[in-house]
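Me: I'd like a close look at one part of this model. Here it is.

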Amino acid sequence: MSRTSARSTARAAARLAATQALYQHEMEGTAIAPLLHEFHQHRLGATIEDAEYAEAEVDFFDDIVKGAVARQAEIDEAIKGKLAKGWALERLDRSMRAILRAGTYELMARADVPVATVITEYVDVAHAFFDKREAGFVNGLLDAIAKDVRS
């Protein structure tokens, strides 16, 4: 595996894990430090129930989780601004909120990552949890946010 594809795989794993951590944070209210510790020790690169988790880029994972939580109010406003009239963020599935928050954070704060990469990666994460329709929703919403925050 080339260095670029190894880094790409590690970042994809970090994005998936960050989405899972944000979901767990919302579900259980787990504080960030113990949550990150749990993922560092037991999830990133581990084998759980015969599923092997890819090695994730830990610093990238930490940045997404910490950043999405620290800027959640700003991120949620950006997401709400792109939802269809009559839709509330609270109506979205928690997994969907986690995906959108992680992706929106990355669009806002990680100018080093191209927009197309962010959108494609979170559409891939959405495919892990949802059907094609929801993945399309992630694509459209993150694309709309990107036009605001990366112009």
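Leaving aside its neighbours within four places in sequence, which residues is Arg-15 in contact with? And what does the packing around that part look like?

Reply: Bear in mind that this is a predicted model. Setting aside the residues within four places in sequence, Arg-15 is in contact with Phe-60, Ile-64, Glu-106, Val-113, Thr-117, Glu-121, Tyr-122 and Val-125. Arg-15 itself sits in helix α1. Its relative accessible area is 2%, under the 20% cut-off, so Arg-15 counts as buried.

One of those partners, Tyr-122, leads on to the largest nonpolar core: out of 42 residues there, Tyr-122 is among those touching the most other members, together with Phe-61, Ile-79, Leu-100 and Val-138. Two or more core residues come from each of α1 (3–28), α2 (32–43), α3 (58–70), α4 (72–80), α5 (94–109), α6 (115–129) and α7 (132–149). Helix α5 gives the largest share, 7 residues.

Take Phe-61 from that group: beyond its neighbours within four places in sequence, Phe-61 is in contact with Ala-14, Ala-17, Ala-18, Ala-21, Leu-36, Phe-39, His-40 and Leu-44.

Ile-79 and Leu-100 turn up again where α4 meets α5. Those two helices pack at about 100°, with axes 10 Å apart, so α4 runs roughly perpendicular to α5. On the α4 side the contact uses Gln-72, Glu-74, Ile-75, Asp-76, Ala-78 and Ile-79, while α5 brings Leu-100, Arg-101, Thr-104, Tyr-105 and Met-108. Sorted by class, that makes 6 nonpolar, 2 polar and 3 charged residues.

Notes. Residues numbered from 1 in each chain as written. Predicted model: local features only at pLDDT ≥ 70, side-chain atom pairs only at ≥ 80, totals over all residues. Heavy atoms only, no water. Core = buried A, V, L, I, M, F, W, Y, C linked by side-chain atoms within 4.5 Å. Buried < 20%, exposed > 50% of the residue type's maximum accessible area, 1.4 Å probe, protein only. Helix = DSSP H or I, 4+ residues; strand = E, 2+ residues; numbered from the N terminus. Contact = heavy atoms within 4.5 Å. Axes fitted to C-alpha atoms, helices over the stretch in contact; angles between N-to-C directions. Parallel < 35°, antiparallel > 145°, perpendicular 65-115°, else oblique. Nonpolar A, V, L, I, M, F, W, Y, C, P; charged D, E, K, R; others polar.
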